[in-house]
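Dear colleague,

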Amino acid sequence: MKAIVVGATRGMGRALARLMAERGDALCLLGRDAGELETSAHDLLARGARGPVTTARLDLAEPAGFDAALDAADRAVGGFDALVVTAGDFAPQEALGRDPARLRRLLDLNFTAAAVLCQQAAERLAGRGGGTICAFSSVAGDKARRSNYLYGASKAGLSAFLEGLYLAYGDRGVRVVCVRPGFVRTAMTAGLPVPPFAGDPDSVARVVLRAIDRGAPVVYAPPIWRWVMLVMRLLPRSVMRRVRF
């Protein structure tokens, strides 16, 4: 696989990039901090990466630069056949509710920017015969809850977009994988109460990589969240108004 990984400098993106590098995939790591990207590339090489690991600049807050970043990644790996987007934004509900600018940034990064990037990559892949788009949404987008509906709304939008992308580009050879992780212990979630069924980056990354290889349209990680969210989606609105989670 010749893959672009957006968000490989930390958390889930780093864990997934390590697995991909260890098996010999050619990787181009995209992000906005050149120093962090180089550190991640050296880490992958030190861990025995069998394929080349290159870097290029991409800032999700600057969609005008997406084409240039994809061009750079194309040159680096000799024509990418997969895009993996793990990057995104998070903030507690209370902070988002009090700060409209902070809320707008989260909505822009988690939905608008991610959708635009995936759409541009899908067009490129369709034009060359196909490939894979994988982006990280969240179980928070499956069902609105009072405690995280703002973050959840951004991920619900991304999940709907990825479903549409899957339907629209499937007959052009583009596979679309929507990852819906539950709570994962990363720097992003540090300090938050840890709920049942929490996962760690390495185990979640293994589940995700299997789904990418299979081209599974939707993957929950840890897998138990598929059944947890099935139950959640069945709860009526009257019950959701009474519960405090």
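Below are some notes on one serine and on the ring contacts.

Please keep in mind throughout that this is a predicted model.

I begin with Ser137, which sits in the loop that runs between strand 5 (131-136) and helix 6 (149-169). With a relative accessible area of 3%, Ser137 counts as buried, because that value falls under the 20% cut-off. If neighbours within four places in sequence are set aside, the residues in contact with Ser137 are Lys155, Leu158, Ser159, Cys178, Val179, Arg180 and Pro181.

Turning to the rings, the structure holds 1 aromatic pair. That pair is formed by Phe90 and Tyr151 in an edge-to-face arrangement, with 5.1 Å from centre to centre and 80° between the planes. It links distant parts of the chain, since Phe90 belongs to the loop between strand 4 (82-85) and helix 4 (93-98), whereas Tyr151 belongs to helix 6, and the two are 61 residues apart. Phe90 is partly exposed, with a relative accessible area of 24%, while Tyr151, at 10% relative accessibility, counts as buried.

Finally, there is a charge placed over a ring: Arg128 lies over the face of Phe80, at 4.9 Å from the ring centre.

Key. Residues are numbered from 1 along each chain as its sequence is written. This is a predicted model: local features need pLDDT of at least 70, side-chain atom pairs count only at pLDDT 80 or more; totals for chains, interfaces and linings use all residues. Side-chain values use heavy atoms; hydrogens and water are left out. Helices (H or I, at least four residues) and strands (E, at least two) are DSSP runs, numbered from the N terminus. Buried means under 20% relative accessible area, exposed over 50%, partly exposed in between (1.4 Å probe, protein chains only). Contact means heavy atoms within 4.5 Å. Rings of Phe, Tyr and Trp (its six-membered ring) pair if their centres lie within 6.5 Å; planes under 30 degrees apart count as stacked, over 60 as edge-to-face and the rest as tilted. A charge sits over a ring if NZ of Lys or CZ of Arg is within 6 Å of the ring centre and within 35 degrees of the ring normal.
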